[in-house]
Amino acid sequence: MIQARSTTRLALALWLATAGAATASDPIDGTDVAESALAWGSGNKMEVGRYNSLHAVYARMWEVLYVTSLDGDDWTTPISLSTGWYEVDTPAIAVDSSGRPAVVWWEDDGTPGGMVYYAFRPLGSTVFQVSPLALGGRQPAITARGSNVYVTWSNGNAIQYTSFPTITPPGSPLLIADVVESTTCPGTQLLRPAITTVRESCRPVPKIAYLVVSDEQASSGSCQSSSTRVGAVVESLNGSWSPVYDGTVLDADPGSAVAGWGLSLSSHYVNRDLYLAWSDENSTGPRTMLAQGRDANWATSPYDSERHHVHVRANNFSWGGTGQFRLALATEDGFDWDALWRQGTWSNAGALSLPGSGSPVNPDHSVRLPQVQFWRICHYTITGSSFLRLFYEEETPLPWTPPQVATDFWSHPMLSCGYVAPVLQAYPCLERRIAMAGVNVAGGEGTAIDVSELGLLTKVGDAGATVTTVDGKTVTISWSGGRPVHADEAALLITAPRSQVRFSSRDVTFSVEDDGYLAEYDEVR
């Protein structure tokens, strides 16, 4: 029986996961993806979905491609989402609580300014439904919560927003949506919006960050200003959009040239912590900044005086310390790119801790535009655990090796399938549900189980598992005629068919929902 381990075990696991075994890149797509595969947009290119599945998007020539994986190592054949032989850019992905992936991207489809497109895959289907979403929009970003998606994009002079159920996008493309912020000044641009949600009063509240790049010193009338302005702004939707953080700076140098390079926003949904990273430039040179806040309490920390692509991700899983986040940066050096990632902690408006100088993503390759991720599984067919920290573009120095998209997926045999004592938080809005789906496992009938809306897996054995709820109660999962294949803190894959799986509890009332057929498991196995 696999049971909870000690604090010492947790420390060892975290050390190995953050600073331990060397890892090589693990290609998702070894074909030529060009330099725009992950692009400079502020949307997330990889997300963790139901049953601990991974979902990723990237661009290749005129295609937006979607892939998924159950184990972090084997990926499905890419599915093309874009509509034709057009230029595409800045794909981004989200996965709703039912496990439906939703994707947005920009496409030069012949309409003025191009179009933001939206695609989702219904449950039980292998086919995405694609529709135009926003006329003239660029740099879209998307997040999901419950059965809804939340989307933002830039028109250059405006940041716009919309939300709708995952499966019912607008019937016709939007010309004007909900305007977060706008400008009519010729020297001002609002760029690279990013979006996330936090829980407030048992409902998701969207937060949007964007870059302000403003040079109105030579303008006249109401737009005229004696200084430039550049930096990141975060706004929250509480009835109407209002700023909750302003990281812009003023520069009175008449020769100042302002530019916005990169921006990323992430959140811990339950704690309401927001994590922001951005990179901009004015007459004093480039700068890369970090900020973290909750409600009206914010702390800002300069990172360095270089120009970076940035991506930040908060840890929403129970494993790891409070306020844990990851940061990835990439810097262009002539014809090559250097990239590194770092892991730190940041308490609410407190001191930032970023130990060490960062780990190179892949020192042997030119690595562009990395995105950080928190993901791990425990293997039961082979002893050990697997981790994934990054998704990125890479190109080797060899001219005959095409650029590709890859992860730093790795397994470590020193880490057995032990679970650390879970960090359970009061979560009054949590629904007591278990999702279950029949899948094809190793060529036979199996079952995928997701307990994330009930609690955490705290024990897994050959014929049963225990779920601990946030209030300390327990639910028992038992099965016959099968064995566990792998699991994480809230998802379990077993070879037993659904008809042989039972759930019981003496003190918890809950429901079990059948999610139907999940195609990605068949494809991965």
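Modeller: The structure holds 12 aromatic pairs. Rings of Phe, Tyr and Trp (its six-membered ring) pair if their centres lie within 6.5 Å; planes under 30 degrees apart are stacked, over 60 edge-to-face, and the rest tilted. One of the pairs is Trp105 with Tyr117, which is stacked at 5.9 Å centre to centre with 15 degrees between the planes. That pair links distant parts of the chain, with Trp105 in strand β8 (residues 101–107) and Tyr117 in strand β9 (residues 115–120), 12 residues apart.

Biologist: Before we go on, what kind of model is this, and how is it numbered?

Modeller: It's a predicted model: local features need pLDDT of at least 70 and side-chain atom pairs 80 or more, while totals for chains, interfaces and linings use all residues. Residues are numbered from 1 along each chain as its sequence is written, and side-chain values use heavy atoms, leaving out hydrogens and water.

Biologist: Are Trp105 and Tyr117 buried or exposed?

Modeller: Buried means under 20% relative accessible area, exposed over 50%, and partly exposed in between (1.4 Å probe, protein chains only). Trp105 and Tyr117 are both buried. Then there's Phe325 with Trp346, a tilted pair at 6.2 Å centre to centre and 40 degrees between the planes. Phe325 sits in strand β25 (residues 324–333) and Trp346 in strand β26 (residues 336–346), 21 residues apart; strands here are DSSP runs (E, at least two residues), numbered from the N terminus. Phe325 counts as buried because its relative accessible area is 2%, and Trp346 is buried with 2% as well.

Biologist: Which residue lies over the face of Trp106?

Modeller: The test is NZ of Lys or CZ of Arg within 6 Å of the ring centre and within 35 degrees of the ring normal. Here Arg138 lies over Trp106, at 3.6 Å from the ring centre. Arg145 lies over the face of Tyr269, at 3.6 Å from that ring's centre.

Biologist: And how do I read a positive phi?

Modeller: Most residues other than glycine have a negative phi. Met61 has a positive one, about 60 degrees, though it is not a glycine. Met61 is in the loop between β4 and β5, and it counts as partly exposed because its relative accessible area is 48%. Arg192 also has a positive phi, near 50 degrees. Arg192 lies in strand β15 (residues 188–200) and counts as buried, at 14% relative accessibility.

Key. Helix = DSSP H or I, 4+ residues; strand = E, 2+ residues; numbered from the N terminus.
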